[in-house]
Amino acid sequence: MKHIVLTIIFEILFLSLSFAQEETIKVEVLSKSTTSWDGTTLQNYPEGQPEITISRITIPIGFKLPPHTHQTPLAGYVVSGELTVIKNDSTSHTVKAGETIVELINTVHYGSNEGSEPVVLLAFYMGIEGIPLSINQ
């Protein structure tokens, strides 16, 4: 009887380990680019101490951000809603939930929530210590 119980326990452990080994890490590249959303080649980083900032930004329905620029690279992931980004020349790009955006550098633009729900955006700023994340124009 003791042998049967040990055999059952061993089989359960073996099956558990087998299922655990079938689970693997999944990596899905959401964005990889050398250009911003308008096709402009990304510029070199400024000199200085790198500083990474990750922000969760919520933009209400109908809200329009002020025109601004970024001096360092910035990428975003739209968690919910849809965000339209617009350059001064009226070129625009809309990013929806589940999509990514590589932002413009040193180009005046603004974002607008023209959708039917708040935009939740995860923004990843690859900045330099002492340089602002954005500059209002």
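In which loop does Ser90 lie? In this predicted model, Ser90 is part of the loop between S4 and strand S5, the latter covering residues 92-96. Ser90 counts as exposed, because its relative accessibility is 58% and the term applies to values over 50%. The backbone at this position also deserves attention: Ser90 has a positive phi of about 75°, although it is not a glycine. In space, the C-alpha atom of Ser90 lies 9.1 Å from the C-alpha atom of His109, while 19 residues separate the two in sequence.

The side chains of Glu103 and His109 are joined by a polar contact of 3.2 Å. Glu103 is found in the loop between strand S6 (100-102) and strand S7 (109-112). Although Glu103 is buried, it has no salt bridge.

Like Ser90, Asn106 is not a glycine, and Asn106 has a positive phi, here of about 55°. The relative accessible area of Asn106 is 42%, so this residue is partly exposed.

Lys87 does take part in a salt bridge, and its partner is Asp38. The closest N and O atoms of this pair are 2.9 Å apart. The structure holds one salt bridge. Asp38 lies in the loop between helix H1 (2-22) and strand S1 (50-59), whereas Lys87 belongs to strand S4 (residues 82-87), so the pair ties together parts that are 49 residues apart in sequence. The two partners may also be described by their accessibility. Asp38 is partly exposed, with a relative accessible area of 25%, whereas Lys87 is buried, with a value of 17%.

How many cavities of 30 Å³ or more are counted? The count comes to one. The largest cavity contains about 40 Å³ of space. Its lining consists of Ser36, Thr40, Thr41, Leu42, Gln43, Leu104, Ile105 and Thr107.

How values were computed. Residues are numbered from 1 along each chain as its sequence is written. This is a predicted model: local features need pLDDT of at least 70, side-chain atom pairs count only at pLDDT 80 or more; totals for chains, interfaces and linings use all residues. Side-chain values use heavy atoms; hydrogens and water are left out. A salt bridge is a side-chain nitrogen of Lys or Arg within 4 Å of a carboxyl oxygen of Asp or Glu. Helices (H or I, at least four residues) and strands (E, at least two) are DSSP runs, numbered from the N terminus. Buried means under 20% relative accessible area, exposed over 50%, partly exposed in between (1.4 Å probe, protein chains only). On a 1 Å grid over the protein atoms alone, a cavity is a set of points where a 1.4 Å probe fits but cannot get out, and a pocket is an open set with protein on both sides within 12 Å along at least five of seven lines; lining residues have an atom within 4 Å of a point. Grid points are joined across faces, edges and corners, and a volume is the space filled by probe spheres set on the points. Lys and Arg count as positive and Asp and Glu as negative; His and the chain ends are not counted. A polar contact is a pair of N or O atoms within 3.5 Å; within protein, one must be able to donate a hydrogen and the other to accept it, and residues adjacent in sequence count only if both atoms are side-chain atoms.
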